[in-house]
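Hello,

Here is the structure for your work. Please look through it before reading the notes below.

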Amino acid sequence: MSEISTPARMSPLDRLRGALSRVSQAATAGIRVADIDTRLLGMLVALVIIWVGFNIVSGGAFLTARNLWNLSVQSASIAIMATGMVLVIVSRNIDLSVGSLLGFLGYTMAMIQIFWIPDGLGVGLEQPYTWILTVLAGLLLGAVVGGLQGFVTAYGGVPSFIVTLGGLLVWRGLIFSYADGQTLAPMDSTYRLLGGGPTGSIGEWPSWIVGIIGCVVILLSLWFSRRRKRRYGFPMRPIWAEAALAIVLCGAVLGAVWVSNAYPWPANLAAQYAEDHGITPPPGGLIIPTGIAIPVLIMIVVTIVMSYIATRRRFGRNVFAMGGNPEAARLGGINTRRTLMLVFGLMGVLCAVSAAIQTARLNAAVTGLGVQNELDVISAAVIGGTSFSGGIGSIPGAVLGAVVMQSLRSGMLLLHVEAPTQDIVVGIVLVAAVGLDALLRRRRG
Amino acid sequence: MRIPRLAALGAVVTIVLAACTPGSSATSSASAGGSTGGTADCTVAVSWNNYQEERWALRDEPNIKAALEEVGAQYISADAGSSEEQQATDIENLLSQGADVLIILAQNTETILPSVQAAVDQGVPVIGYDRLIESEDALYVSFDNVRVGEMQAEAVLEQVSEGNFVIIKGNGADANSDFLRQGYVNAGVPAEGESSDTITIVGETYTDNWDPALAQTEMEQFLTENDNNVDAVLSENDGMAGGVVAALEAQGLAGQVPVSGQDGDIAALNRVALGTQTVDVWKDARELGRAAGEAAAQLCGNPDIAAVADTTTFDSPGGNTLTSILLDPIAITQDNLDVVLDADWITPEDLCQGVEAGSVAACP
């Protein structure tokens, strides 16, 4: 009370400082009591600052339903690979080959659907099963190639840096053994839906259903986690914190669905749809909500599955144990070599998923597909709090990291910042984010 | 642990062998050409900057070789793998192997100069192949890239002469990006940051590595920013045009907004037939190889580049007046698709895939 009664004697700066420190103390206490992952929260705050900042500078062009929808699709492919890169880095390894591997897998999948299935099997283009055969073959090849790199690393004793550096050259080079490296296009029309676009989205009601399922899952997982803590006598969050967390998380999910539905189909596509389905468009044109794009849905599923594998399955815990202390993990009875090989195999599968999304989105396979993606993927994982010293990393963090990176890129494009300047900004942000993280971690002890 | 280690080694060997499998054998389509003044036991060396790109092996090299074979000259080559330092080393090696004429596809127009000087000092004439070398001692053999830009802009302006234009440029460090942009200005499109009474540039950017996926993202952002009010797109090559068309398709605008390109990519020529790309400026790399080979054959007889037949002068951005052989590109639109068919550049099946029969003359 004393500060309030004596405002005249304090300078405005002191008052501001006092208020800030009280707010930050209260916030810190609140966060501690509510038991929230501060790193994830910090990233969310940074993301909000970036978004609001771009929105102000661009005169309101950033926080539109359409731009946020674009952003979600543009982030998906890097985010998916970043979830795998987290496990690779946690196990004290690195995978430099993901960009080249993505290019190789994407190019192979294009060959399968444009040449091998239509000509090899003699069934022609555009079969209803073309896309699924293509994707399955791609996933399988990704697992084999990734697993091969893991095998050489784990059993051959070659450092993963070297193995995947070799992979970076080999997989890119192998693209040229197909069709002399021509651009392959167009893709199968069903396969193209994997790349998003208004037609490659699930629409209004399915999006709401996904959102509601998401909410139910969040509520259940909070409840189960609380029950588990009670059973083992761990400290629990106060009930108000539990309720607030549930409201915020559910609100975020339903808000995201609302935004995706607030972006209507482009007028031309809607008019075409109305014509094809014999609908008389109302004055002002037919409004079709777009909903969640298929690649974004894939990204969400991959994030959930990978988080589950990383934190709830023995395999995931083994990876973290290996990264924390390889020797102890091995002596503790973990088959570290097999685990490592599987980590790289999983990374290969995720590369195939992203390759399908990128080729479907571009409607073509080009020799430069995925060039330098390894840098974006590693950056996303590291911005998301994955530590190069091993044993520390978060899958949702990596996804957020990918969104942060893509937000910077898309925002700067909206502001007409030239490519070299974009690189400078992204580079500085990368180093600053990791530096800040290290500083905070040291201070916290 | 012995067996897994052996297996790992085996796996490595497998990868290496797989990588060494030859892609395809290049075909030569040499026609009888009149080259004069060649001598036997002349060695012509080519320093490639990055032989891994498809066109050099497939289109350029066989025609250089064919022109040299006609006069009985020998062909040697080296590949620098996109490295300036490696290219300097390559050129030293080629000179010490006894090259009499040097053809250079320069990785970098500036850093190549000491190597060019070294060759000229030894009395070896130099041909700057496809990419500019800023030296008056080198013969510049290329397509006229400013002209390519003019042709792209002319074809697009014929469809839409006013409104909001988007310009997707290639790599900022590549001189060709700016040559093409100069061509747009020559054809009546405003320069960067300016606008005319009829044309407003609502989006313009360089694209790292001419990356099609990046071009798609750029186009999406320009469409978002302008609420789809884009009337024409000048894309500097076919790969990026593919990304642009994919972005337009997602908005239901493909085929309504003119898009340019160059290189004669199979997929791009198909887009021209489909109507989603307006123009593809085609540079027949086989003719370029032929022209360089014939020039090299002449230099075998007389190392003076000024004496080579059919040369003109070219004022370079660096202020040099270069002796050059500049070939004219051809603008391919829906009206003259038969040109690429007749040249066996593309098969009718590839060109007409998905095209409604009879909608264009080349796809009956």
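Two residues are in contact if their C-beta atoms, placed from the backbone, lie within 7 Å. On that basis, residues 24 or more positions apart make up 73% of the contacts in chain B with a separation of 6 or more.

A word on the source. This is a predicted model, in which local features need pLDDT of at least 70, side-chain atom pairs count only at pLDDT 80 or more, and totals for chains, interfaces and linings use all residues. Residues are numbered from 1 along each chain as its sequence is written, while chains are lettered from A and ligands numbered from 1 in the order in which they are written.

Chain B

Chain B holds 12 helices and 13 strands. These are DSSP runs numbered from the N terminus (helices: H or I, at least four residues; strands: E, at least two). Of its 364 residues, 51% are buried. Buried means that 20 or more other C-beta atoms lie within 10 Å of the residue's own, with C-beta atoms placed from the backbone.

The interface

On chain B, 44 residues are in contact with 41 residues of chain A. On the chain B side, the elements giving two or more residues are α1 (2-20), α2 (54-70), α7 (212-225), α8 (238-250) and α9 (266-274). That side has 17 nonpolar, 19 polar and eight charged residues. Ala, Val, Leu, Ile, Met, Phe, Trp, Tyr, Cys and Pro count as nonpolar, Asp, Glu, Lys and Arg as charged, and the others, Gly among them, as polar.

The core

The largest nonpolar core has 206 residues. Such a core is a set of buried Ala, Val, Leu, Ile, Met, Phe, Trp, Tyr and Cys residues joined through C-beta atoms within 7 Å. Among the members that touch the most others are A:M85 and B:I127. Helix α14 (residues 336-362) of chain A gives the largest share, 17 residues. B:I127 touches B:I103, B:I104, B:A138, B:L139, B:V141, B:A292, B:A295 and B:A296, leaving aside residues up to four places away in sequence.

Helix packing in chain A

The axes of α4(A) (residues 65-90) and α14(A) come within 9 Å and cross at roughly 175 degrees. Axes are lines fitted to C-alpha atoms, for helices over the stretch in contact, and angles run from 0 to 180 degrees between N-to-C directions. The two helices are therefore roughly antiparallel, a term for angles over 145 degrees. Their contact has 14 nonpolar, five polar and no charged residues. A:M85 in α4(A) is one of the residues involved.

Key. Buried ≥ 20, exposed ≤ 12 C-beta atoms within 10 Å, placed from the backbone. Parallel < 35°, antiparallel > 145°, perpendicular 65-115°, else oblique.
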